[in-house]
Amino acid sequence: RGTSQDRSDSLVRFIEGNGGSVHLGERVSTVRVHDRLARSVVTEKGREVDAGLVVSNASAPVTFGRLIADGRAAGRPWRRLDRFGDRLGRLHPSLSSFIVWLGLGRDVTAALRDGETFLLARHDPEADYVACLGSDAATVPLAITVYDNILPGFSPAGKSTMTVMFLCGPSHWKQFEADYAAGRKDAYDAEKSRIARAILGRVEERLIPGLSSMIEVMEAATPLTNARYTGNAGGAIYGFDQVIGNTFISRVDSRTPIRNLYLASAWGSPGGGFAGALRSGLKTSRCILEDWKTGRA
């Protein structure tokens with residue numbers, strides 16, 4: 001019940017209620033490993049925390065490409081970790097997303113009666129995929145979510161909250177990446193606004209007449225936004241692509257070649273999506289309990 005934020009808040013209360021602590025706004029910069037065993041984490045503020053085990057919900061490429069500080073003896077081979085790294089290097093991140101959040105001054109639940117509605121420009125999934133890769137606002141498939149149809153009373157009386165989103169690749173946004181990182185966002189903001197207005201125009205034309213006049217609050221996010229807040233390559237929202245070689249039982253596992261280091265995110269098993277990420281956490285907790293019982297952890 002409630003929103004995804006309520007779920008996060010309840011997890012914090014549970015952790016703190018059982019003697020744990022939650023540190024927000026403090027990224028981990030290093031996972032220290034010695035003798036093939038995760039020993040501690042170091043934050044960007046220089047604080048080191050000894051750890052009986054480490055669970056990373058950072059992306060697998062970041063975890064193994066940037067965070068691991070390996071204390072093994074020089075020249076000592078670690079073939080299992082090398083093979084694991086090679087496999088990660090062959091996988092590709094999923095698509096990202098472009099999302100527009102809207103606070104509307106009108107109740108639109110009668111115009112769109114479902115929680116989620118899909119708006120297609122054609123019936124050609126291959127062409128749709130190409131449009132997503134290039135952020136082609138005129139033809140990408142759109143997903144429109146009206147939160148008040150999912151949770152009655154989500155918005156104040158007479159108003160509605162909704163999102164309009166499409167999956168997109170990071171390539172279109174590469175041209176703005178350097179300026180975005182440097183805080184120079186004029187060109188980026190103009191392109192973000194252009195695309196947002198274009199997709200809202202399609203929704204207004206096909207589904208909700210007069211939509212633009214109802215908007216009281218509007219915000220948009222791009223793959224660069226996702227990358228900034230999650231650290232995921234290209235702003236990937238589903239972890240690794242769900243391809244045949246990385247799906248179900250062949251998916252990258254919650255366990256890793258480093259003892260006491262586990263993955264719990266869309267980048268591990270069973271994969272991406274809201275429910276997939278939640279199930280990854282559940283699966284990882286079971287792996288930890290099994291490993292404790294068998295002495296592996």
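Contact here means heavy atoms within 4.5 Å. Helices (H or I, at least four residues) and strands (E, at least two) are DSSP runs, numbered from the N terminus. Axes are lines fitted to C-alpha atoms, for helices over the stretch in contact, and angles run from 0 to 180 degrees between N-to-C directions.

This is a predicted model, in which local features need pLDDT of at least 70 and side-chain atom pairs count only at pLDDT 80 or more, while totals for chains, interfaces and linings use all residues. Residues are numbered from 1 along each chain as its sequence is written, and side-chain values use heavy atoms, with hydrogens and water left out.

**The five-stranded sheet**

Five strands form an open sheet with antiparallel pairing, in the order β7-β8-β9-β6-β10. Two strands pair if DSSP finds at least two bridges between them. β7 (116-119) and β10 (215-221) are the edge strands, each pairing on one side only. From one strand to the next, the twist averages 20 degrees. Six bridges hold the antiparallel pair of β6 (residues 96-104) and β10. Within it, Ile 99 faces Ala 221 of β10.

| Helix | Strands touched | Angle to β6 |
|---|---|---|
| α7 (residues 186-206) | β6, β7, β8 (142-146), β9 (160-168), β10 | about 65 degrees |

Phe 176, Glu 177 and Tyr 180 of α6 meet Leu 224, Thr 225 and Arg 228 of α9. By class, that contact has three nonpolar, one polar and two charged residues. Ala, Val, Leu, Ile, Met, Phe, Trp, Tyr, Cys and Pro count as nonpolar, Asp, Glu, Lys and Arg as charged, and the others, Gly among them, as polar.

β1 and β2 run antiparallel, joined by six bridges. Val 31 has Val 41 in β2 as its bridge partner. Two residues lie between the strands of this hairpin, where Asp 35 takes a positive phi near 55 degrees.

The whole structure has eleven salt bridges (a side-chain nitrogen of Lys or Arg within 4 Å of a carboxyl oxygen of Asp or Glu). One joins the side chains of Arg 47 and Glu 26 (3.2 Å, N to O). Arg 47 lies in the loop between β2 (37-43) and β3 (48-50), and Glu 26 in the loop between α1 (4-17) and β1 (28-34), so the pair ties together parts 21 residues apart in sequence.
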